[in-house]
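Please open the model in the viewer and keep the residue selection tool at hand.

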Amino acid sequence: MSNQPNFDPILEELQKKYNNINQDTHTHLEGLLYSKPITYWDYIQTDALLNLQIQRTTLPDEMVFIAYHQINELIFKMILWEIEQVSTKQQLDVVFFESKIMRISRYFDMLTTSFNIMREGMEVEQYMKFRNTLTPASGFQSAQYRLIEFASTELINLIDYRFRANIDRNTPYLHAFEHLYWQAAGKDYETGKKSTLLLNFENRYKDEFLRFMESYNTKNLWTRFKELPKEDQKDEDLVKAMMHYDYTVNVTWVMAHYNAAKHYIESGSKKVEATGGSEWKKYMHPKYQRRIFFPELWSDEELKNWGNDI
């Protein structure tokens, strides 16, 4: 009796696969004869990845700063990947929703604790030197983080609290964009003048943001949550997961970022600005802008004291 595996079922499945896309199965099988075996470094693209850390100075701790922020962007990409699965799922159920929210929360939990790597991993003296080469760039300009916000909640919850009373679902996206909470980091609302930091950011991403805002207006996490049956919206595990995500992103993670920035920016006797010149305290600290993705899940007392207990 032969010990060779029976490949007939696999060949039948391959035949079905290629027939469905009008491809010749024999051609694809023949191609396997000449294909190279995969290696870890080719699959992960290790060489390309490790050549993306380009320093602008000779200060060694700049490498920590660059690599750390690139890791953050990779994690943001994973978060957006998970959110997209929730936003596009046809038959959304509690188990799937809760599992994805907890995945996303774990990514942000990791990001929160990782700030100590940067905070304790760079000499203040070195940072205060190489940071000048970053001007007018800033971590404020992370487009993926803004996409995460747009994909998480209804747009009204991202509007600067001073202007929310005059904005609703019928407000044009462009007008809403001009009143997002993070505009306060680089815009004088009395004169309308914007900083170079903000202008550069908008010149690169504004059109993409407006398209994304419109796309996720009807499929953000909060909207999809409200589409669930009323009974499912009361599911204890799902509600707990949503609240954990909300607090982690808008309080815990933000404050870890805030404290890391404060550690360096306010480390010396001389007061310095953020690299992009942003009013970083005005838009970053949760007690000022009160960014809350899912306000209806929180009590009046919790909303009132949002960010005050940090």
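**Stop 1: two packed helices**

Select helix H1 (residues 8-20) and helix H2 (residues 25-32), which pack at an angle of about 115 degrees with their axes 9 Å apart. Helices here are DSSP runs (H or I, at least four residues), numbered from the N terminus; axes are lines fitted to C-alpha atoms over the stretch in contact, and angles run from 0 to 180 degrees between N-to-C directions. Now show the side chains of Leu11, Leu14, Gln15 and Tyr18 on H1, and of Thr25, His28 and Leu29 on H2, which make the contact (heavy atoms within 4.5 Å). By class, the residues of this contact are four nonpolar, three polar and no charged (nonpolar: Ala, Val, Leu, Ile, Met, Phe, Trp, Tyr, Cys and Pro; charged: Asp, Glu, Lys and Arg; polar: the others, Gly among them).

This is a predicted model, in which local features need pLDDT of at least 70 and side-chain atom pairs count only at pLDDT 80 or more, while totals for chains, interfaces and linings use all residues. Residues are numbered from 1 along each chain as its sequence is written, and side-chain values use heavy atoms, with hydrogens and water left out.

**Stop 2: a nonpolar surface patch**

Next select Ile38, Tyr40, Trp41, Tyr43, Ile44, Leu49, Leu50, Leu52 and Leu74, which make a nonpolar surface patch of about 1,100 Å². Such a patch joins nonpolar side chains (Val, Leu, Ile, Met, Phe, Trp, Tyr) within 5 Å, from residues with over 30% relative accessible area and no salt bridge; areas come from the Shrake-Rupley method with a 1.4 Å probe. Helix H3 (40-44) and helix H4 (46-50) each give two or more residues, and H3 supplies the largest share, four residues.

**Stop 3: salt bridges**

The whole structure holds 14 salt bridges (a side-chain nitrogen of Lys or Arg within 4 Å of a carboxyl oxygen of Asp or Glu). Select Lys100 and Glu82, whose side chains meet in one of them at 3.1 Å, N to O. Lys100 lies in helix H6 (residues 94-119) and Glu82 in helix H5 (residues 62-88), so the pair ties together parts that are 18 residues apart in sequence. Lys100 is buried at 5% relative accessible area, and Glu82 is buried at 4% (buried: under 20%; exposed: over 50%; partly exposed: in between).

Arg103 is partly exposed, at 37%.

Finally, select Arg162 and Asp160, which meet in a salt bridge at 2.8 Å, N to O. Arg162 is partly exposed, at 46%, whereas Asp160 is buried, at 0%.

Note on methods. Patches are made of residues with over 30% relative accessible area and no salt bridge: like charges are joined within 9 Å, nonpolar side chains (Val, Leu, Ile, Met, Phe, Trp, Tyr) within 5 Å. Buried means under 20% relative accessible area, exposed over 50%, partly exposed in between (1.4 Å probe, protein chains only).
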